[in-house]
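Have the viewer open as you read.

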Amino acid sequence: MKRETTNRIRYVLEELIPPVIRDLTPMRWLFRLYWGRLVDDLATFKANIHHVTDEEYGDIYARLPRIQDETDNSTACLTRIAKDVTRGEVLDVGCGAAYLIGYLQNSADVKASYTGIDVFIDDGTRKRFPDAAFQEAQVEALPFADNAFDTVICTHVLEHVLDLRVAIAELRRVCRGRLIVVVPREREYLFGFNPHIHFFPYKHSFLRQMIPVPADAISENIGRDIYYREDMEEGTSN
């Protein structure tokens with residue numbers, strides 16, 4: 001399912017159905033028709049996130065079916081990212097199967113080398129993108145030196161991480177040029193189809209987490225996603 005399709009579904013569930021109905025038990029039953037009892041486990045996971053173990057965290061993601069076809073990014077977000085990537089060293093944090101890296105290699109009008117990190121990188125991804133470097137790591141502890149990359153990209157990751165402020169600090173630490181972040185514009189309810197633990201229904205909901213926000217930072221809605229870009233003091237070059 002493409003991101004644009006899931007965004008239309010999310011619009012109905014999050015914006016058109018009133019919260020008083022959305023959190024009722026009959027709605028949970030309807031969700032179970034699609035996800036089964038995983039709906040209940042996701043709700044328990046979110047309610048107990050303040051003391052969830054690493055094993056419980058990993059288990060819920062291992063059991064989660066994939067909804068998006070190849071990427072969580074919409075076509076509009078992909079186009080915008082490609083436009084804003086700078087020359088030099090590029091890091092994709094939470095690269096998954098490296099769809100974004102492949103997209104940028106084929107479409108970005110810049111000369112760049114790419115590194116992807118995720119908690120798990122399969123051998124197929126490494127073989128499909130032999131010109132990219134991959135490492136397994138958590139966003140809260142990136143295995144790179146300060147100011148290591150000209151562009152750092154992090155899309156559809158921060159809504160998942162336990163310690164949001166530490167993750168943001170790490171993204172900034174390894175970036176010497178441009179930081180690009182995409183998160184879903186999403187409302188929180190008692191139960192749903194994903195294990196997200198942070199929710200940003202408005203741009204300012206996200207910007208509160210990014211403090212201090214540079215005066216020239218860009219934040220805008222692209223469909224049902226929030227696109228954020230900031231440039232570090234050392235500047236960027238396109």
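Start with helices H6 and H7, which cross in a right-handed sense. Keep in mind that this is a predicted model. The axes of H6 (residues 75-84) and H7 (residues 99-107) come within 10 Å and cross at roughly 60°, which makes H6 oblique to H7. On the H6 side, Leu-78, Thr-79, Ile-81 and Ala-82 do the touching, and they meet Tyr-99, Leu-100, Tyr-103, Leu-104 and Ser-107 of H7. Sort those contact residues by type and you get 7 nonpolar, 2 polar and no charged.

Now for the inside. The largest nonpolar core has 28 residues, and the ones touching the most other members are Val-93, Val-152, Leu-158, Leu-171 and Phe-206. Strands E1 (88-93), E4 (149-155), E5 (175-184) and E7 (225-231), along with helix H9 (164-173), each give two or more residues to this core. There's also a second, separate core of 22 residues, with Ala-82, Ile-101, Ala-132 and Val-182 among them.

Back to Val-152: beyond its neighbours within four places in sequence, its contacts are Leu-91, Val-93, Leu-171, Val-174, Cys-175, Arg-178, Leu-179 and Ile-180.

Last, the loops. Asn-147, in the loop between strand E3 (133-136) and E4, has a positive phi near 55° without being a glycine. His-156, in the loop between E4 and H9, also isn't a glycine and has a positive phi of about 55°. Buried or partly exposed? Asn-147 counts as partly exposed because its relative accessibility is 36%, while His-156, at 7%, counts as buried.

Finally, look at the loop between helix H10 (203-207) and strand E6 (218-222), where Pro-212 sits. A cis peptide bond links Ile-211 to Pro-212, with omega about 5°.

Note on methods: Residues are numbered from 1 along each chain as its sequence is written. This is a predicted model: local features need pLDDT of at least 70, side-chain atom pairs count only at pLDDT 80 or more; totals for chains, interfaces and linings use all residues. Side-chain values use heavy atoms; hydrogens and water are left out. A nonpolar core is a set of buried Ala, Val, Leu, Ile, Met, Phe, Trp, Tyr and Cys residues joined through side-chain atoms within 4.5 Å. Buried means under 20% relative accessible area, exposed over 50%, partly exposed in between (1.4 Å probe, protein chains only). Helices (H or I, at least four residues) and strands (E, at least two) are DSSP runs, numbered from the N terminus. Contact means heavy atoms within 4.5 Å. Axes are lines fitted to C-alpha atoms, for helices over the stretch in contact, and angles run from 0 to 180 degrees between N-to-C directions. Angles under 35 degrees count as roughly parallel, over 145 as roughly antiparallel, 65 to 115 as roughly perpendicular and the rest as oblique. A crossing is left-handed if the near helix is turned anticlockwise from the far one by less than a right angle, and right-handed if clockwise. Ala, Val, Leu, Ile, Met, Phe, Trp, Tyr, Cys and Pro count as nonpolar, Asp, Glu, Lys and Arg as charged, and the others, Gly among them, as polar.
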